Amino acid sequence: MSFSQETLYAIALTRISYFNIATCLQLYRKLGSATAIMENRNNIKDVISDASPRLVHALSDVSEALHRAEAELEFDNAHAIRPLTMACDDYPERLRDCDDAPIVLFYRGNADLNQRRIVSIVGTRHCTAYGQDILTKFCQDLKELCPDVLIVSGLAYGVDICAHRNALRNSFDTIGVLAHGLDMLYPSAHRDTAKDMLSHGGLLTEFLTNTNPDKMNFVRRNRIVAGIADATIVVESAARGGSLITADIAQSYDRDVFTFPGNVNSTYSEGCNNLIRDNKAALITCAEDFVKAMGWEQDNQVKEARAKGIERQLFPELTAEETRIVELLQRNNDLQLNIIAVQTGLPIGNISALLFSLELKGVIKLYAGGVYHLLG
């Protein structure tokens, strides 16, 4: 059985770099591929002078890692799992720019991981009736206001599973980010929901098969939940918890963080109230608050225009900011939202509204993978 050498080497590198994520990502970005790292593995200190002795030793003999990578690819091929390396177009673009992004992700599902709108919803594993009511109403209203959103969570008990199930009820695609390999499912009680998600979203992990859901893996998993989305919403949280770690990571990635306030005497609202008090999250009370804060109000308008067929204006009037985007796409067409934000220097919240406006004017078109194309 033949495999892509780059994919094989990337998976092997994941095995080697388990405790050296940032260093290996630095190597990857400097050399441009896992293949280049493998080709230079015997003189890696010439590439990064401060490479740890542990990493140098691990790269000196990669035979076991390559054998493990081959076994992983055989399993993936047999179970409809797609390994997504950073060289793949399907790799989540929002995550790619993070300093500790996984070099490889393993994905089983049908949702676009570069969908135009992605939000992560996290919270306590002890979701109360208050949290359940919030999620039910939020997803219902979000569907009316902004119908094409990918909802991400961690498939855990409490808020996570409630978010996935409400997403499915409202015909949203939803992704579960796992803290183990795709050869198992934890918790097993969520198997039926996970099965539904495979045809309306999917399951995603950075972990190879035969990786157990150890405590440390859940913390690592949180950075993917934070990095893959435009924003993170904390629904309920105690004073300490994994969802607060996710919120901190999202903030470190310059992503928007929101939370719902709660009763000051409620254990599972304490963390949310603290986020608001400490200016680590914006307060929202409903989907409308969230959509306005993100600048997504025009989504329904665009959807209706698409259904009718957007009629291109021959001589559209453009604002100065719209002109800046058009000029960028004239130089380098087919870019994703985050890249447009970086290269124009415009705030990402403003970019969303500007791209909507340009699409309504028939100047640009959104293609698969969240790529914006300037029409000739």
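Modeller: Two strands pair if DSSP finds at least two bridges between them, and the model discussed here is a predicted one.

Colleague: In what order do the 9 strands of the open sheet stand?

Modeller: The strands form an open sheet with mixed pairing. Strand 1 (82-85) and strand 9 (282-283) stand at the edges, each with a single partner strand, so one side of each has no neighbour in the sheet.

Colleague: Which residue of strand 5 stands opposite Ile151?

Modeller: Strand 4, residues 150-153, and strand 5, residues 173-177, are paired in the parallel sense over 4 bridges. Within strand 5, the residue opposite Ile151 is Thr174.

Colleague: Are helix 16 and helix 17 roughly parallel or roughly perpendicular to each other?

Modeller: Helix 16 (residues 320-331) and helix 17 (residues 337-344) pack with their axes 10 Å apart, at an angle of about 105 degrees. Angles of 65 to 115 degrees count as roughly perpendicular. The two helices, helix 16 and helix 17, are therefore roughly perpendicular.

Colleague: Which residues of helix 17 meet helix 16?

Modeller: The residues of this contact divide into 4 nonpolar, 2 polar and 1 charged. From helix 16 come Arg324, Ile325, Leu328 and Leu329, and these meet, in helix 17, Ile340, Gln343 and Thr344.

Definitions and conventions
Residues numbered from 1 in each chain as written. Predicted model: local features only at pLDDT ≥ 70, side-chain atom pairs only at ≥ 80, totals over all residues. Heavy atoms only, no water. Axes fitted to C-alpha atoms, helices over the stretch in contact; angles between N-to-C directions. Parallel < 35°, antiparallel > 145°, perpendicular 65-115°, else oblique. Contact = heavy atoms within 4.5 Å. Nonpolar A, V, L, I, M, F, W, Y, C, P; charged D, E, K, R; others polar.
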